[in-house]
Structure formats: C-alpha cells, structure tokens
Amino acid sequence: MTTTYDPHHPTYVDEADVRDELTRVFDVCQGCRRCVDLCASFPTLFDLLDRFDDRDAGRLTPLEQDRVVEACFQCTRCSVGCPYRPEVHETAVDFPHLMLRAEAMRHVNGHQSRAQRTARRTMTHPDTIGRLGSFTAPLANRITGAAPGSLVRKLLATITGVSAKRSLPRFAGERFSGWFARRTGDLGGRSRQRVTVFPTCIVEYQDVEVGRDLVQVYEHNGIECTLSTARCCGAPSLHAGDLRRFERIADANVRTLAAEIRSNGGDVVVPQPSCARVLCQDYPRYCSTERRADALLLVEHTFDASAYLVWSHVSGTVPLGTEFVGKVPDHIVHVTDPRSASRSTRSTGSSGASGPVIDDLLALTGATVTTVDRSSGVDGLWGLRHGTEAVAVPIAQRLATTLAAEIERLDDGDEGSGSGDTVIVGDSSLANTVIAEQVGDRPLHPLSLMRRAYGLDVGPSPG
Ligand code: SF4
Ligand code: SF4
C-alpha cells in the first residue's frame with residue numbers, strides 16, 4: 001500500500017494499492033469522525049463500518065468502498081483543519097485527494113457506473129457545450145429550463161447524463177468575452193494595477209454578470225483588466241477521474257497563463273473558488289514535469305477575485321474606494337467556500353480561511369456580515385449529474401434551512417427598527433444556482449454585491 005497523492009507515482013491507479021490505501025484512511029477517519037456531518041461520504045462510511053463490532057475498514061468490499069468515493073463532490077471541507085493532514089501529521093490523510101485517486105483508478109479500470117460515464121462524455125466538455133448553448137441561447141434555455149422531471153428534461157438526462165430534476169444555469173446570449181471586447185476599458189491615468197482575468201467557463205457562457213461586475217469593480221478601483229485566453233480549468237475531467245485529459249488541459253492552461261503573467265506583469269484573478277483551487281493546487285500536482293516551473297509561477301500569482309481585492313486593500317497596493325452610493329443592504333449572509341482561500345494567505349497572513357477574508361470585503365460597505373459555512377452539494381458539477389439527486393438534494397435542503405434560520409434571526413433582531421434588508425451572497429455560481437433552486441432567490445456573487453454598493457451602472461443584462 002502506498003500513501004501517495006502524486007498522480008505520476010507508478011502505483012497511483014493500481015487497484016490493489018488504492019484499495020489498501022482506502023482501508024488505511026477509512027480506519028483513521030473511523031477513529032476520528034470529525035467530518036460526520038459535512039457530506040454523505042462520511043455517514044456512508046461510518047454506517048458501513050458500524051455494522052461490525054470491531055469497525056474494521058478492512059472488511060468493506062470494493063463496492064462498499066466505492067459508495068464512499070461516489071458520494072464525494074470535492075468540496076474540500078474535510079481537509080480544512082483535519083488533524084492528520086500530510087503537512088502536519090505523519091499519518092497523512094488527504095481525503096479529497098484520496099477520493100480523486102480512487103475515482104481515477106475506477107475510471108482506468110472501467111468501474112464507473114453508466115450514468116457517470118454518460119455524464120463524463122458531456123460534462124467534461126464545458127467549452128463546447130457553452131459555445132453551443134450561448135449561440136442557441138433561446139432554444140437551449142427552453143430545453144434546460146423545462147420543468148424538472150418533464151419529458152424534455154428526462155430525454156436530456158438520457159442523452160447527456162445531466163439530472164432531470166435539478167435547476168440548471170441559463171446560457172447567456174452574449175458571452176463574457178464578447179462583452180469584454182466591446183467595453184471601453186480605458187482607465188486613463190487612474191490605472192494603479194493590472195490583472196489577468198481567468199473568467200472560468202461558467203462566467204464565460206452562463207453567469208456573465210459576475211465577470212462584468214468583476215471588471216466594473218476592479219476598474220472603478222483603478223485595476224486594469226485583461227482577459228486570459230486560457231480555456232476551462234478542467235475540473236470536470238479531474239473530478240471524473242480522466243487524468244490524461246486533465247493533464248493535457250492543465251499543461252495548455254499553465255503555458256498560456258504563465259505567458260500572460262510574464263507579459264502583463266500582474267496577477268491572475270478567478271471569480272469561481274473551485275476553479276481557483278484547480279489552478280493553485282491541482283495544476284502543480286497533475287501537470288507534466290516540463291510545465292512544473294510555470295505551474296509554480298501560476299500558484300504565486302493566482303487569487304480568488306474577491307480575496308484579491310482584500311489583499312490589495314490591506315497591503316496598501318490598491319486601497320479600495322469606500323464611498324458606497326448604491327444599494328447596500330443592512331445584512332449580508334455570506335455562504336462561503338473554503339476554496340476561496342486558494343492564495344488569500346498573501347492578503348492577510350491569516351489562517352487562509354476564506355470566510356473572514358471575503359467577509360472583510362463585504363463589510364467595507366457598512367453592512368453586517370454573517371458567515372454560513374455549509375456546502376450546497378453541487379461542487380464540481382457532481383450535484384447536477386443524473387443519479388446523484390438522492391444524496392445531493394438533502395445537502396442543498398440543509399443549506400436552505402440554515403439560511404432561512406439565519407435570515408429569521410437577523411429579521412428578529414431588526415424588529416421595530418424599521419430596517420431588515422438581508423441579502424444572501426455566495427462565492428460560487430453553481431452553488432448559487434442550487435440555493436436559488438431551494439429558496440427561490442438567486443444569491444449575489446460578492447463582486448456583484450460590491451458593484452451594486454458602488455452604484456456602478458453596467459447596462460442591460462446579457463441575454
Ligand atoms: S478527514 Fe481527517 S478530520 Fe475528517 S474524519 Fe478523516 S481524519 Fe477526521
Ligand atoms: S471533499 Fe467534501 S464531499 Fe468529499 S469527502 Fe470531503 S467533505 Fe465530503
């Protein structure tokens with residue numbers, strides 16, 4: 001058995017070796033149980049082990065091990081504060097990366113379910129789907145926006161492996177790169193900093209407003225934006241276990257982004273936490289040896305786009321404007337994502353937790369900020385895959401219940417004051433789609449909240 005999280009190691013996808021490693025780590029987690037309520041992987045594991053008096057993980061069958069693996073959606077919450085993290089303990093538990101290793105082994109050995117294989121064939125090509133969806137937006141949105149459970153959605157699920165029951169993000173008629181190319185973008189003498197925007201595929205094709213708001217807020221604060229030509233970060237391929245494809249994507253994007261860092265002389269900002277994490281943590285691990293130096297350069301220069309503003313402000317590099325003449329709510333309930341911390345330790349020297357960092361940005365507006373650190377159960381497209389609904393929807397419902405309780409608590413506190421305006425803010429566009437599915441209203445991205453608070457007018461929404 002090899003305790004390795006290095007995908008280039010000769011035993012990385014060796015089935016016997018991976019299964020022995022799963023047993024070792026499952027035994028450690030069984031004794032710890034700290035992560036029991038984070039997702040379905042841990043309750044599944046503990047329920048399976050509690051059938052045995054000795055709770056020996058070595059008694060699980062391969063199919064039972066795979067049930068734990070299949071329930072992981074790579075939110076990374078279990079690695080935050082795990083006492084056995086490889087960097088702090090010789091026991092070396094990196095649960096999210098072990099799940100990726102196990103998924104890669106299952107992919108190589110043909111152990112994935114038919115639903116997983118169907119979804120992999122479509123969902124690992126977000127640029128192709130995005131281009132097609134944007135080009136045919138009215139029609140595409142009629143299909144993806146058909147009532148959950150309808151015949152159209154069931155047919156779509158059969159063909160693509162995308163859930164027939166979940167709300168899906170809408171395609172924008174104008175892509176982010178189209179909007180970016182036609183805006184003025186001239187800061188005159190106000191330019192104090194320059195960044196490269198890595199838009200991510202969901203912002204390029206679907207949540208275009210987030211990219212637009214990012215640029216507006218950055219330019220308002222004198223930060224010049226250029227647009228990266230890199231493609232989708234490849235997270236769907238990584239999470240589906242298709243490491244060959246992921247390595248090709250990683251190599252191409254590392255080459256492009258490193259060249260852009262050198263020519264622009266600035267940092268790379270990413271408006272989606274899961275994609276920022278892929279750039280910072282997964283590219284150096286999975287890219288080819290020839291690209292390793294460029295990948296490390298990328299790590300040094302990549303930030304979550306909201307956390308980057310905090311760093312700019314706190315470090316004094318670009319103090320942010322604090323005149324908020326637009327809409328500022330009384331309260332913000334901020335649904336955090338641990339992956340927003342990708343490089344935010346440069347900003348404050350803190351523990352790297354995302355919540356407090358982005359909360360600092362939101363608090364500049366004068367609103368009170370409350371943090372909710374709960375998963376939406378959708379990360380990395382997992383929750384939108386056909387067949388995951390029974391596990392994913394209850395996770396989303398728990399988040400919705402927590403949000404409702406938080407809003408009620410804030411409203412109760414405002415009783416009699418005449419105020420009580422509360423806005424939900426979420427770091428991830430996919431998570432925001434799930435929250436909208438559960439609570440009705442779509443949360444704002446932190447940069448959209450900031451754009452509104454500054455009172456910046458960006459014109460009509462992209463189709
Ligand atoms: S991942 Fe770490 S913190 Fe979570 S149950 Fe396992 S050992 Fe405990
Ligand atoms: S990464 Fe998230 S979903 Fe996966 S096992 Fe850890 S807490 Fe659960």
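A residue counts as near a molecule or strand when its C-beta atom, placed from the backbone, lies within 6 Å of it. With that in hand, let's start at the ligands. What you have here is a predicted model, in which local features need pLDDT of at least 70, side-chain atom pairs count only at pLDDT 80 or more, and totals for chains, interfaces and linings use all residues. Residues are numbered from 1 along each chain as its sequence is written, while chains are lettered from A and ligands numbered from 1 in the order in which they are written.

Around ligand 1 sit Val28, Cys29, Cys32, Arg33, Arg34, Cys35, Cys78, Cys82, Tyr84, Val93 and Phe95. Helix 1 (residues 15–32) gives the most to this shell, three residues; helices (H or I, at least four residues) and strands (E, at least two) are DSSP runs, numbered from the N terminus. By type, the shell around ligand 1 has nine nonpolar residues, no polar ones and two charged. Here Ala, Val, Leu, Ile, Met, Phe, Trp, Tyr, Cys and Pro count as nonpolar, Asp, Glu, Lys and Arg as charged, and the others, Gly among them, as polar.

Ligand 2 has 14 residues around it, with Cys39, Ser41, Cys72, Cys75 and Cys78 coming nearest. Its shell draws its largest share, three residues, from helix 4 (residues 95–108).

Now step back to the domains. The protein is divided into domain 1 (15–108) and domain 2 (176–454), with bounds that come from an automatic or database domain assignment. Their C-alpha centres lie 28 Å apart. Across the boundary, 15 residues of domain 1 are in contact with 17 residues of domain 2, contact being C-beta atoms, placed from the backbone, within 7 Å. The side of domain 1 that touches domain 2 has nine nonpolar, three polar and three charged residues.

Next, look for an open sheet of four strands in the order 2-1-3-4, with parallel pairing; two strands pair if DSSP finds at least two bridges between them. Strand 2 (223–227) and strand 4 (302–304) are the edges, each pairing on one side only. From one strand to the next, the twist averages 35°. Strand 1 (residues 193–197) pairs with strand 2 in the parallel sense over five bridges, and Arg194 stands opposite Glu224 in strand 2. Helix 13 (residues 243–264) lies across strand 1, strand 2 and strand 3 (267–270), running at about 165° to strand 1. Axes are lines fitted to C-alpha atoms, for helices over the stretch in contact, and angles run from 0 to 180 degrees between N-to-C directions.

There's also an open sheet of three strands, order 6-5-7, again with parallel pairing. Strand 6 (368–372) and strand 7 stand at its edges with a single partner strand each, so one side of each has no neighbour in the sheet. The twist here averages 25° from one strand to the next. Strand 5 and strand 6 run parallel, joined by five bridges, and His331 has Thr368 in strand 6 as its bridge partner.

Helix 20 (residues 429–439) lies across strand 5 and strand 7, at about 140° to strand 7. This helix is mostly covered, with eight of its 11 residues buried, that is, with 20 or more other C-beta atoms within 10 Å of their own, C-beta atoms being placed from the backbone. The cover includes helix 11 (208–220), helix 19 (389–414) and strand 7 (422–426). After helix 20 comes Gly440, whose phi is positive, near 100°.

Notes. Two residues are in contact if their C-beta atoms, placed from the backbone, lie within 7 Å. A residue is buried if 20 or more other C-beta atoms lie within 10 Å of its own, exposed if 12 or fewer, and partly exposed in between; C-beta atoms are placed from the backbone.
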